[in-house]
Each structure stands twice: as C-alpha cells, then as structure tokens.
Amino acid sequence: MDKIILTQLKSLLEKEKAELENNLENFAKKNDGEWQASYPNIAPGENLEDQVNEVEEYENILPVERALEKKLKDVILALEKMEIGTYGKCENCDKDIPIERLLAFPEARSCNNCKE
Ligand SMILES: [Zn+2]
C-alpha cells in the first residue's frame, strides 16, 4: 500500500480512536480494558419515577455503548495491523480491501464482497 495513503489512514484511525474514547468516557468507565456503561446512581429517597427514568436511560445507553466499544476495538485492531503489516487485507478472503473503502471506513475488516 502507498505509504502516503497509509499515513493518512493511520491519522484517520488515531483521530477516530480519540473521538470514540471521548464519547465513551461520557457515559462509561474503563475497567480492565473493557468499557462499562455506568449504572445509574440511585439516590436514597429519590422518587420512583426518577428511578425508573434513570434505569430506562441506562438501558437506552447500553446498545450505544456497545456499538461505540465495538467500533473502538476495530479501530485499535486496524492500528495493530498497521504495526505488523497486515492492514488492508480482508479477514475473510485475504484480498486487498479497496482504498476507497478504507478511506471511508479505515477500520474495515472485510472487503466489499465479504462485508455483512
Ligand atoms: Zn473479502
């Protein structure tokens, strides 16, 4: 892969990693390398309606947190692949992932044919 494009993709990935970590920090804590959405802190004496709202909010946040975490893992994996020189190969068919796809999704793990 072209060195200039690779450098460009690396900076995209690093920027994405920082943004994802910032987003996750808003509602999750890092625990032994895993992100966990903070469970609502229910104050004693708080009325039931508020408690219900907080738990509902937590339940709404969970899928968002999981999606961000999954993306962050893919971004980190892509950066690791750059280090070992296997970046840009489809994990499924081992073909090169097209540059246009990588520029749009630098963390892509599969080519256009193999993507879900
Ligand atoms: Zn493929």
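A residue counts as buried under 20% relative accessible area, as exposed over 50%, and as partly exposed in between. This cut-off is applied below to a predicted model.

**Zinc site**

The zinc ion is coordinated at 2.3 Å by the SG atoms of Cys 90, Cys 93, Cys 111 and Cys 114. Because the angles subtended by the 4 donor atoms are 105 to 115°, the arrangement is tetrahedral. Along the chain, the donors follow the spacing C-x2-C-x17-C-x2-C. The pair Cys 93 and Cys 111 links distant parts of the chain, 18 residues apart: Cys 93 lies in the loop between helix 2 (48–84) and helix 3 (99–104), whereas Cys 111 lies in the segment after helix 3. The relative accessibility of these two residues is tabulated here.

| Residue | Relative accessibility | Class |
|---|---|---|
| Cys 93 | 31% | partly exposed |
| Cys 111 | 5% | buried |

**Fold and hairpin**

The protein chain contains 3 helices and 2 strands, in the sequence pattern α-β-β-α-α. Strand 1 (residues 28–31) pairs with strand 2 (residues 34–37) in the antiparallel sense over 4 bridges, and Ala 28 stands opposite Ala 37 in strand 2. The hairpin has 2 residues between the strands, and Asp 32 takes a positive phi near 50°.

**Overall dimensions**

The C-alpha trace spans about 60 × 25 × 20 Å along its principal axes. Buried residues make up 29% of the 116 residues. The accessible surface comes to about 8,100 Å², with 49% belonging to carbon and sulfur atoms. Of the contacts with a separation of 6 or more, 51% involve residues 24 or more positions apart.

Notes. Residues numbered from 1 in each chain as written. Predicted model: local features only at pLDDT ≥ 70, side-chain atom pairs only at ≥ 80, totals over all residues. Heavy atoms only, no water. Donors = N, O, S within 2.8 Å, 3.2 Å for Na, K, Ca; no water. Tetrahedral: all angles 85-135°; square planar, octahedral: opposite > 155°, others 65-115°. Buried < 20%, exposed > 50% of the residue type's maximum accessible area, 1.4 Å probe, protein only. Pairing = 2+ DSSP bridges. Contact = heavy atoms within 4.5 Å. Areas by Shrake-Rupley, 256 points an atom, 1.4 Å probe, with all protein chains shown as cover.
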